Amino acid sequence: MALIAACGAPAYAGVLADDRADVLYHRYEGGGVTIDGPSILVRKKFGERFAATANYYVDMVSSASIDVELTASPYEEERTQRSLGFEFLNGKVTYSAGFINSEESDFKSNTAYFSISQDMFGDLTTISLTYKRGWDDVFRNVRQADGSLTRDPGFAESADRRGYSVGLTQVLTRSLIMAVQYEVLTDEGFLNSPYRSVRYIDPESASGYSFEPEVYPHTRTSNAASVRMKYFLPYRAALEGQYRFFTDTWGIDAHTAEVAYTHPVGERWIFDGKLRYYRQNAADFYRDLFPRRGFANFLARDKELATFTSYTVGVGASYEFRVSRLPWVQKSTVNLRYDYLLIDYDDFRDARLTDPANGVPAGSEPLYELDANVIQLFLSVWF
Amino acid sequence: MRTSRVRIAMSLLALGVAACGPIEPWVKPYERENLADPIMAFDRNPVSTAYLDHVYEAREGARGAVGSAGGGCGCN
Amino acid sequence: MKHRTAGLAVRTLLTCLLALPALAASTNGPAPDFKLAARGGGEISLSQYRGQVVMINFWATWCGPCRQEMPLLESIYKKYGKMGFVLLGVNVEPDPSAAEEWLKQTPVSFPILYDTDSKVSKLYKVTGMPSSVFIDRQGRLRVLHRGYKPGDENEYLNQIRALIREK
């Protein structure tokens with residue numbers, strides 16, 4: 001930190017990114033869940049050294065997911081996220097700070113971050129350090145007799161989050177750039193869901209199992225390291241590859257690998273293709289079916305913590321057009337992206353299909369598989 | 001005791017940087033036309049990237065180490 | 001005592017490492033001569049302008065501050081071009097077609113030269129984009145200005161006026 005501050009007597013200066021505004025419509029459909037909504041981003045420079053970015057994002061959730069179907073009833077929910085960030089460029093150093101607020105009827109989250117980034121070594125190297133701090137408030141909604149949802153006044157929990165990350169971007173050749181990043185995240189407090197349950201073998205139950213509330217540890221520390229590289233192909237296209245390794249104190253190890261290809265056609269079209277592979281093993285305290293009630297100190301059946309492999313295939317198209325009637329618009333694009341996501345669970349079973357009378361006792365249900373369509377349609381304007 | 005260790009570490013770091021001193025940047029500022037091309041940006045559409053990152057983080061156990069800064073034209 | 005000397009050593013080392021040349025550096029040696037293909041045909045060499053004040057601006061279409069600077073350079077050239085001053089825009093891209101395309105949208109009247117194999121960029125040790133070099137009537141390299149931010153055009157005007165006033 002002191003070394004970077006010492007470099008702060010600027011002889012040269014960098015540049016901040018251009019002004020832009022983006023309006024996005026996003027839609028996720030899969031696993032009985034539909035979530036759609038807008039995301040609006042505006043970025044503006046003030047002078048050459050100061051910039052501000054604001055984002056307004058909404059998730060409108062209509063959920064009849066496997067978890068919901070099993071233990072609750074379908075619900076609708078809306079989550080609104082607002083964020084504001086600032087950048088200050090001083091010579092070769094960029095200071096950034098920002099705030100993100102997310103709210104829904106039973107969950108409130110606030111995050112603040114601060115980051116320093118420095119270009120060095122003939123602008124071939126960029127080093128950045130980021131610190132972030134988050135505060136979450138967890139509530140619980142209860143369904144009333146008339147079908148409405150109201151907040152349970154007796155339930156209010158919280159969680160604190162801290163994150164530290166260091167990143168290095170390095171120009172390797174005229175056509176090859178690499179970025180590595182390492183991030184540590186620490187959570188403390190109420191880290192599970194007030195609605196979710198685990199199931200255990202119960203011979204007295206008709207289905208062969210019963211539910212009890214999930215119990216999570218009060219802390220979670222995770223480490224993630226990633227490397228990504230982007231190569232400029234001589235006929236004008238870009239090929240990118242990235243890999244991330246993740247490990248945490250809950251026993252989850254995960255590998256993420258992604259390959260993306262960008263191909264411009266003519267002066268107006270840009271096409272993207274992407275393949276993503278993700279694999280994780282389950283948390284130590286995760287089980288699809290516990291042998292008895294109160295089996296361990298910590299109990300989880302959240303499929304997010306299960307052993308699974310996820311595959312994504314994505315394609316995108318971007319079209320650039322001029323708006324002659326608005327001369328202050330330098331460039332504008334309309335974009336469409338489609339991603340197909342498939343998650344194959346190794347130890348999460350579809351408990352809606354338990355049928356002991358017909359040869360499907362608890363614990364032998366078929367493994368769950370989730371597939372989803374993710375669509376994005378957005379307009380970007382540079383001014 | 002702690003301060004002297006910090007200073008020793010800083011001196012070593014400075015020496016390390018000095019040792020790299022004689023190495024000239026091997027991509028000159030006037031050779032950055034490929035890197036400055038918009039298709040070479042790691043994050044060409046921040047709204048879209050942020051959204052997809054959120055889709056994955058909400059469904060997967062892993063989080064962190066996504067997003068990077070730097071590259072581009074290296075101007076000024 | 002030992003801590004203070006260590007601290008001083010670290011600070012001196014850091015200052016030496018980070019004592020980069022100033023934004024506008026002064027020099028006094030002869031400006032290296034060169035000959036490059038010019039836009040519109042033919043070739044232009046630096047020596048043909050001996051006796052005039054010359055400003056060489058190294059630019060590229062992919063460089064934002066370079067593009068921002070061009071219309072201002074055009075107005076500087078229009079004002080002083082008849083007073084023994086010439087502005088040479090050296091485009092550093094390997095393929096001149098990008099510059100040709102851009103200049104159709106934003107035309108300039110000063111000479112544009114194509115340094116497609118970077119030989120002049122190397123010759124003048126260009127360390128940033130854009131870079132501007134000021135050469136006096138005797139062909140001496142006087143000032144090296146690295147980068148562009150709004151307001152730098154006033155510095156350019158000061159340099160040019162000072163060099164024009166010299167005998």
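Helix α2(C) passes helix α5(C) in a right-handed crossing, the term applying where the near helix is turned clockwise from the far one by less than a right angle. The model is a predicted one, in which local features need pLDDT of at least 70 and side-chain atom pairs count only at pLDDT 80 or more, whereas totals for chains, interfaces and linings use all residues. Residues are numbered from 1 along each chain as its sequence is written, while chains are lettered from A and ligands numbered from 1 in the order in which they are written.

The two helices, α2 (residues 64–80) and α5 (residues 152–165) of chain C, pack at an angle of about 25° with their axes 11 Å apart; the axes are lines fitted to C-alpha atoms over the stretch in contact, and angles run from 0 to 180 degrees between N-to-C directions. Because angles under 35 degrees count as roughly parallel, α2(C) and α5(C) are described as roughly parallel to each other. From α2(C), C:Leu72, C:Ile76 and C:Tyr80 meet C:Glu153, C:Tyr156, C:Leu157, C:Ile160 and C:Ile164 of α5(C), a contact being counted if the C-beta atoms, placed from the backbone, lie within 7 Å. By class, this contact has seven nonpolar residues, no polar residues and one charged residue, with Ala, Val, Leu, Ile, Met, Phe, Trp, Tyr, Cys and Pro taken as nonpolar, Asp, Glu, Lys and Arg as charged, and the others, Gly among them, as polar.

Chain C contains five helices and eight strands, these being DSSP runs numbered from the N terminus, with at least four residues of H or I for a helix and at least two of E for a strand. Of the 167 residues in chain C, 36% are buried, that is, have 20 or more other C-beta atoms, placed from the backbone, within 10 Å of their own. Among the contacts in chain C between residues at least 6 apart in sequence, 69% join residues at least 24 apart.

In chain A, A:Leu89 lies in strand β4 (residues 75–90) and is buried, with 22 other C-beta atoms within 10 Å. When residues up to four places away in sequence are not counted, A:Leu89 touches A:Ala13, A:Gly14, A:Leu16, A:Arg49 and A:Thr94.

The contact between chains A and B takes 59 residues from chain A and 33 residues from chain B. On the side of chain B that touches chain A, α1 (2–19) and α2 (46–59) each supply at least two residues, and α2(B) gives the most, with six residues.

Key
Two residues are in contact if their C-beta atoms, placed from the backbone, lie within 7 Å. A residue is buried if 20 or more other C-beta atoms lie within 10 Å of its own, exposed if 12 or fewer, and partly exposed in between; C-beta atoms are placed from the backbone. Angles under 35 degrees count as roughly parallel, over 145 as roughly antiparallel, 65 to 115 as roughly perpendicular and the rest as oblique.
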